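Colleague: Could you take me through the helix packing and one of the pockets here?
Modeller: Gladly, let me bring it up.

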Amino acid sequence: MARKRKSSPGAAGDGWLVTFGDLVTLLLTFFVLLLSMSSMDRSVLTRITFFADDVGFLTNRSAGLIPQRVRLVIDALDKPWEVLEKQKRIKDLLFPEDELPPEISRSTLDANLQVLARPEGVALVLTDALLFPSGGSRLSDAARKMLDSVYDVLLFMPAPVNVSGYTDDVGGDAAANYVLSGERALAVLEYFLTRGLPPERFSVSGYGPAWPIADNATEAGRAQNRRVEILLKTTPWLGAYVQ
C-alpha cells in the first residue's frame, strides 16, 4: 500500500519570498541610482550644458535661449587655433555696427581690438583708446557699452577668465606703470562683477610694460601696448571634460 508523501510545512506557500526578494533588490538599486544622480557636482552639470546641442539635452542653453549672435561668437571662440582666421568675423559679431557707441567708429574699433590665440585659450585685446581716458583708469561710457557685448558672451560661456592690464614702456619699470595697469584691469573686472558674473571665475593681473605686443619705439606700437586683455581660458577648461 502506497504511503502518502508528507509535504514540508510552508513548502508550497513560500514561493512569494523569491518574488519579494527580487522586488526589494530592484527598489534598492533604483534608490542608489537616484542618490548617485543627486550627488553629481553642480559645476560638472553646468559645464555639460555648454555641450547640450551636441548631445541633445533640453536645457536652458540648448533650448534657444542663447542669442544667435552670442552663439556664433562662442562657436568662433571654441577653437583658439583658428581665431586669427576668424578675427574679422568675431569683431563683427561681438560689436555689430548698430550697437557700436557713437564715439567709436568701425575703423577705430578694428585698429584697437585684436582677438589673439593664447596657450590657455583666446584673448580679447582692447587698447586704452577704447576703454579709458589718457592716463586714467575709469571706464568711459563708451567702454561700458562695449564691455556689455563681452559680458553677453561670458554669461553663456562659463570658462575661467583672466583680466590683465598693460602699459607702454614710457617710464620703464616705474611703479606707476604697474599701478596703472592693475587699476585698469580691476576696473574692467569690477564692471563684470557689477553685472552679476561670479567672482570665482575671475583672476586679475597688472603687468605694466612687460609682455609688449608691438614695438615701443613707435607711437603706434606704444598705443597697442597700452591695453587690457580679457583671456577666456577655454583650452584647459574644454580639455578637462573631453578626455
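Colleague: Which residues in α8 meet α9?
Modeller: Bearing in mind that this is a predicted model, Arg-144, Leu-147, Asp-148, Val-150, Tyr-151 and Leu-154 are the α8 residues that meet Val-188, Tyr-191 and Phe-192 in α9. By class, that contact of α8 with α9 has seven nonpolar and two charged residues, with no polar ones.

Colleague: And at what angle do the axes of α8 and α9 cross?
Modeller: The axes of α8 (residues 141-156) and α9 (residues 175-194) cross at roughly 60° and come within 10 Å, which makes α8 oblique to α9. The crossing in which α8 passes α9 is right-handed.

Colleague: What about α4 and α5, how are they packed?
Modeller: Helix α4 (residues 68-77) and helix α5 (residues 87-94) pack at an angle of about 155°, their axes being 9 Å apart, and since angles over 145 degrees count as roughly antiparallel, that is how α4 and α5 are described relative to each other. Here α4 passes α5 in a left-handed crossing.

Colleague: Which residues make that contact?
Modeller: From α4 there are Arg-69, Leu-72, Val-73, Ala-76 and Leu-77, while α5 brings Arg-89, Ile-90, Leu-93 and Leu-94. Sorted by class, the contact of α4 with α5 has seven nonpolar, no polar and two charged residues.

Colleague: Switching to pockets, what volume does the second largest pocket have?
Modeller: Its volume is about 250 Å³, and the residues lining the second largest pocket include Arg-118, Glu-120, Tyr-207, Trp-211, Arg-227 and Glu-229.

Technical notes: Residues are numbered from 1 along each chain as its sequence is written. This is a predicted model: local features need pLDDT of at least 70, side-chain atom pairs count only at pLDDT 80 or more; totals for chains, interfaces and linings use all residues. Side-chain values use heavy atoms; hydrogens and water are left out. Axes are lines fitted to C-alpha atoms, for helices over the stretch in contact, and angles run from 0 to 180 degrees between N-to-C directions. Helices (H or I, at least four residues) and strands (E, at least two) are DSSP runs, numbered from the N terminus. Angles under 35 degrees count as roughly parallel, over 145 as roughly antiparallel, 65 to 115 as roughly perpendicular and the rest as oblique. A crossing is left-handed if the near helix is turned anticlockwise from the far one by less than a right angle, and right-handed if clockwise. Contact means heavy atoms within 4.5 Å. Ala, Val, Leu, Ile, Met, Phe, Trp, Tyr, Cys and Pro count as nonpolar, Asp, Glu, Lys and Arg as charged, and the others, Gly among them, as polar. On a 1 Å grid over the protein atoms alone, a cavity is a set of points where a 1.4 Å probe fits but cannot get out, and a pocket is an open set with protein on both sides within 12 Å along at least five of seven lines; lining residues have an atom within 4 Å of a point. Grid points are joined across faces, edges and corners, and a volume is the space filled by probe spheres set on the points.
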